[in-house]
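Subject: Structure handover

Dear colleague,

Here is the structure I said I would pass on. Please keep it open while you read the notes below it.

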Amino acid sequence: MRVAATQLRLPTTSPPRRRRPAQHTPPAAAPQPPPRALAAILRSRVIACLRAEDGETALQAAHAAVRGGVTVLEVVMSTPGVLEVIGDLCRSYPSLTFGVGTVLNAVDARKAIRAGAQFLMSPGTVMEILRDLEESKVLYIPGVLTPTEVLSACSAGAKVVKVYPVSVMGGELYMSALKKPFPLIPMVASQGIQIGSIKGYLEAGASAVVLSDAVFDKELMRKGNFSEVAELASLATLEALQSTK
C-alpha cells in the first residue's frame, strides 16, 4: 500500500537559539581607604593647636612640641606665614602629621593643601570644603556642636567631627551626652581643654582632644621659652598614652 506523499511529514526542528553573550557586571569600585591623618589622630589622641604672632615663633614652638613627643599638630590659618610653616614642618618631619586649623573657606583650604597640609579643621562645617575633599587623601574635620550638626556633617561625608566649643557647653559631661547617640562616629573635643582633663574627655567618648594654650602657653610663647613648651608637650602626650592603657 502506497502512502501519499502529502501524508508524510518530517519532524520539524527549531532553529538553534543564539546564546546571548554573558553580561559581566563591572566590579564595584573599591572604597577609598581613610586618610592617613585620621589613623594618626586616633593613634596619638592629641592634636596640638598652634597659633603665633609670627612665622618664626610658630616654627620654634612647633619644633619644641615635636621634641616633646607631639606627632599631630595643626597651625591656625591666621598665623602669619602659616603656609611656609606647614611646608617647613612637612619637609623636616615627613613621618609626622601636620594640618591647618580655623579654615573658613575653600580658597584657604586649597592653599593649605598645596602647602602640604594633611588635614584641615574648621570651627563649623564648611560644606564646600567637605564636598571638595570627600574622596581626597586630605582629611577634613568640620566643627559641630549639636546632634543635628553631627548628622548633617556625617550625611555629607565627614569621617570625623570636632566638637567645638566643648568646655563652655559643659566639658566632659557634654562630650559624653553628645557621643552617646553616635557611638561609631569619631569625635575630637576642642576648646579650653587642659592636660589634666585629657583622660576625662577620652573616657567621655572623645577619640582625641585638641590642646592649644595647654601646650603653647601664651606667656611662654611671648618669652620664647620653648624648652618649657616641649615639657608641656611631653606631659600631654604622656597623659594621653596613659589614658589609653
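This is a predicted model: local features need pLDDT of at least 70, side-chain atom pairs count only at pLDDT 80 or more; totals for chains, interfaces and linings use all residues.

Residues are numbered from 1 along each chain as its sequence is written, and side-chain values use heavy atoms, with hydrogens and water left out.

Pockets and cavity

The search ran on a 1 Å grid over the protein atoms alone: a cavity is a set of points where a 1.4 Å probe fits but cannot get out, a pocket is an open set with protein on both sides within 12 Å along at least five of seven lines, and lining residues have an atom within 4 Å of a point. Grid points are joined across faces, edges and corners, and a volume is the space filled by probe spheres set on the points.

The largest pocket has a volume of about 290 Å³. Its lining consists of 19 residues, and those nearest the centre are Arg51, Tyr164, Ser190, Gln191 and Ser212. By class, that lining has eight nonpolar, seven polar and four charged residues. Here Ala, Val, Leu, Ile, Met, Phe, Trp, Tyr, Cys and Pro count as nonpolar, Asp, Glu, Lys and Arg as charged, and the others, Gly among them, as polar.

The second largest pocket holds about 200 Å³. Arg51 is also in the lining of this one, together with Ala52, Glu53, Thr57, Asp213, Phe216, Lys218, Met221 and Arg222. Helix 9 (residues 218–223) gives the largest share of that lining, three residues. Five of the lining residues are charged, three nonpolar and one polar. Helices (H or I, at least four residues) and strands (E, at least two) are DSSP runs, numbered from the N terminus.

There is one cavity of 30 Å³ or more.

Helix packing

Helix 2 (residues 55–67) packs on helix 10 (residues 226–243) at about 40°, with the axes 7 Å apart. Axes are lines fitted to C-alpha atoms, for helices over the stretch in contact, and angles run from 0 to 180 degrees between N-to-C directions. The two helices are therefore oblique to each other; angles under 35 degrees count as roughly parallel, over 145 as roughly antiparallel, 65 to 115 as roughly perpendicular and the rest as oblique. The contact (heavy atoms within 4.5 Å) is made by Thr57, Gln60, Ala61, Ala64, Ala65 and Arg67 of helix 2 with Phe226, Val229, Ala230 and Ala233 of helix 10. Seven of these residues are nonpolar, two polar and one charged.

Helix 3 (residues 82–92) and helix 4 (residues 106–115) pack at about 30°, their axes 8 Å apart, and are therefore roughly parallel. Leu83, Ile86 and Gly87 of helix 3 meet Lys111, Ala112 and Ala115 of helix 4. That contact has four nonpolar residues, one polar and one charged.

Backbone details

Tyr164 and Pro165 are joined by a cis peptide bond, with omega about -5°. Pro165 sits in the loop between strand 7 (161–163) and helix 7 (172–179). Thr102, although not a glycine, has a positive phi of about 55°; this residue is in the loop between strand 3 (97–101) and helix 4.

Regards
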